[in-house]
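Here's a quick tour of the structure you're about to see. Have the viewer ready, and let's start with what sits around the ligand.

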Amino acid sequence: MSDQQRIQELEQLVKMLEEQLMQTQRLSSVGALASSITHEFNNILTTVINYAKMGVRHKDAKTRDKAFDRILSAGQRATKITTGMLAYARTSSDRFEPCEMNKLLQDVLILVQKDLQMHRIGIDEDLQPGVWAIVNSSQIQQIIMNLIVNGRQAMGEGGRLKLTIRDNVEEGWAELSIGDSGCGIPNDKLQKIFDPFYTTKKADARGQGGTGIGLSVCRKIIEAHKGRLRVESEVGKGTTFTLKLPRSGSPAGLIDTSAA
Ligand SMILES: Nc1ncnc2c1ncn2[C@@H]1O[C@H](COP(=O)(O)OP(=O)(O)OP(=O)(O)O)[C@@H](O)[C@H]1O
Ligand SMILES: [Mg+2]
């Protein structure tokens, strides 16, 4: 085998390992939500059981209708979460296509909402509608998930998460910012946070700490999108990550709501 062939083979192996790492990181980030999602399912089941009991006890149509309504909406909420989880965990395709930024964000929010609520973190939204970018949707959702989980972990108990979507027409970017009111990052550490395995998170009582892979995967994904990932931080005040992706107009046949 020639040197050239050997190099090609090794390059393919590196590519395959990078893809595997990305998929493993995708699954491990959902792991951070395991406790909140279990909690939410418990609440949903309690609602279903209580309204089913009410329906069994009361024979009148009005009470039964109300019980069925509540059971139905609890079931629909559960389906939304499981569908979202399955879609998120699926191996990402290679496809790049126009996606609406709001839709990408909302799909991730369904999964993290309960986690934020359990840690008493409120959300402030400033979301311009009808902002489109050409992206691999599941990879961008992986970035959004990583940034929100990082922000939540930086805030501990209580704080505000600020989400902004902006169409930066002049510079050609669709921009999404995720800001937290957490501990912040010292200036001398800012360069390191994107390095693989750099983490400041110590293992907790259950042996769960950080792996330090989250942001390095984000960087890889951004490079593949020819986008940018900017970070601004102040110790004690918080951190804002801004994701800039190549914008696109709304695809033909879809109504652009930005003018509304
Ligand atoms: N929003 C943030 N606020 C403060 N520090 C942050 C924030 N986001 C990242 N960091 C710092 O950057 C480090 C690296 O982040 P990264 O997401 O790569 O790894 P991790 O969160 O430690 O572990 P993993 O994501 O693999 O579970 C974190 O350990 C933390 O020190
Ligand atoms: Mg992380």
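The shell around ligand 1 splits into 7 nonpolar, 12 polar and 2 charged residues. Here Ala, Val, Leu, Ile, Met, Phe, Trp, Tyr, Cys and Pro count as nonpolar, Asp, Glu, Lys and Arg as charged, and the others, Gly among them, as polar. Keep in mind that this is a predicted model, where local features need pLDDT of at least 70, side-chain atom pairs count only at pLDDT 80 or more, and totals for chains, interfaces and linings use all residues. Residues are numbered from 1 along each chain as its sequence is written, while chains are lettered from A and ligands numbered from 1 in the order in which they are written.

**Around the ligand**
- Out of 21 residues around ligand 1, the nearest are Ala154, Thr199, Gly210, Gly214 and Leu215 (a residue is near if its C-beta atom, placed from the backbone, lies within 6 Å of the molecule).
- Helix 5 and helix 6 are the elements that give two or more residues to this shell.
- Helix 5 gives the most, with 4 residues.

**Where helix 5 meets helix 6**
- The axes of helix 5 (residues 137-155) and helix 6 (residues 214-225) come within 10 Å and cross at roughly 150 degrees (axes are lines fitted to C-alpha atoms, for helices over the stretch in contact, with angles running from 0 to 180 degrees between N-to-C directions).
- On the helix 5 side you'll find Gln139, Gln142, Ile143, Asn146 and Asn150, and they meet Gly214, Leu215, Val217, Cys218 and Ile221 in helix 6 (two residues are in contact if their C-beta atoms, placed from the backbone, lie within 7 Å).
- That contact is made of 5 nonpolar and 5 polar residues, with no charged ones.

**Two domains**
- The chain is divided into domain 1 (3-23 + 35-86) and domain 2 (96-252), with bounds that come from an automatic or database domain assignment.
- Domain 1 puts 10 residues into the contact and domain 2 puts in 8.
- On domain 1's side, helix 1 (3-31), helix 2 (34-57) and helix 3 (61-89) each supply at least two residues.
- That side of domain 1 has 4 nonpolar, 3 polar and 3 charged residues.
- The C-alpha centres of the two domains lie 22 Å apart.

**The whole chain**
- Altogether there are 6 helices and 7 strands (DSSP runs numbered from the N terminus: helices are H or I with at least four residues, strands are E with at least two).
- Of the chain's 260 residues, 25% count as buried, meaning that 20 or more other C-beta atoms, placed from the backbone, lie within 10 Å of the residue's own.

Conventions:
Buried ≥ 20, exposed ≤ 12 C-beta atoms within 10 Å, placed from the backbone.
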